[in-house]
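Biologist: Before we go into particulars, could you show me the model, so that we can go through it question by question?

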Amino acid sequence: MTDFQKAYRLSRHGKNLLKVQAMAGGMQKGDFARVKLIIDTGSSFTILPVQVVETLGYDTQNTRFREEIITGKGKINAPVIQLTWFNCVGQILYDFPIVAYNIPARLRVDGLLGMDFLQSCQAVLSIHNAEITCKRMR
């Protein structure tokens, strides 16, 4: 059975962007990091900064998987890290893969919440109301 959860308020970021807070779980029980992410429907992947991922105990140098992503600087090969858990807008995803990459500092956020997450929770965005609602499976 599916139902819609409550709508979560998003913060406006600059003129046309929306951001949200999330938490990423570390390798050790109890380790986590809070991150501010821009909601990016143009990004296939959720992206977290390399330093945050490494602080949580993950090895970004010796990963089994890498993903080619296209940035403003061209194509790069970035490590894919399987987080033990990822929590955002009331959705906790276990063994959630993210891309470890440092987005430009001028954006003043930690990373991007990509389509991988948005599709997994069947997100519905209201740009006008700055809200996100997710469908959840029971």
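Biologist: Which residues have the most contacts inside the largest nonpolar core?

Modeller: This is a predicted model, and its largest nonpolar core has 29 residues. Strands S4 (17–25), S5 (32–39), S8 (74–88), S9 (91–100) and S12 (131–137), together with helix H2 (115–120), each supply at least two residues of this core. Inside that core, the residues with the most contacts are Phe86, Leu113 and Phe117.

Biologist: Leaving aside neighbours within four places in sequence, with which residues is Leu113 in contact?

Modeller: Leu113 belongs to the residues with the most contacts inside the largest core, and contact here means heavy atoms within 4.5 Å. With neighbours within four places in sequence left aside, the partners of Leu113 are Val20, Leu37, Ile38, Ile39, Asp40, Thr46, Phe86, Cys88 and Leu118.

Biologist: In what order do the elements of the protein chain run from the N terminus on?

Modeller: The protein chain has two helices and 12 strands. Read from the N terminus on, these elements follow one another as β-β-β-β-β-β-α-β-β-β-β-α-β-β.

Biologist: What is the radius of gyration of the protein chain, and what does the globule rule give for 138 residues?

Modeller: Taken along the principal axes, the C-alpha atoms fill a box of roughly 40 × 35 × 25 Å. The protein chain is as compact as a globular protein of that length, because its radius of gyration is close to the value from the globule rule. The two values are 15 Å for the chain and 14 Å for the rule.

Biologist: Is Arg108 buried or exposed?

Modeller: Arg108 is found in the loop between S9 and strand S10 (111–113), and its phi is near 60°, a positive value in a residue other than glycine. Most residues other than glycine have a negative phi. Since exposed means over 50% relative accessible area, the 61% relative accessibility of Arg108 makes this residue exposed.

Biologist: And what does Gln122 count as, at 36% relative accessibility?

Modeller: Gln122, in the loop between H2 and strand S11 (123–126), also has a positive phi, of about 50°, although it is not a glycine. The class in between runs from the buried cut-off of 20% to the exposed cut-off of 50%, so at 36% Gln122 counts as partly exposed.

Terms used
Residues numbered from 1 in each chain as written. Predicted model: local features only at pLDDT ≥ 70, side-chain atom pairs only at ≥ 80, totals over all residues. Heavy atoms only, no water. Helix = DSSP H or I, 4+ residues; strand = E, 2+ residues; numbered from the N terminus. Rg over C-alpha atoms; globule rule 2.2 N^0.38 Å. Core = buried A, V, L, I, M, F, W, Y, C linked by side-chain atoms within 4.5 Å. Buried < 20%, exposed > 50% of the residue type's maximum accessible area, 1.4 Å probe, protein only.
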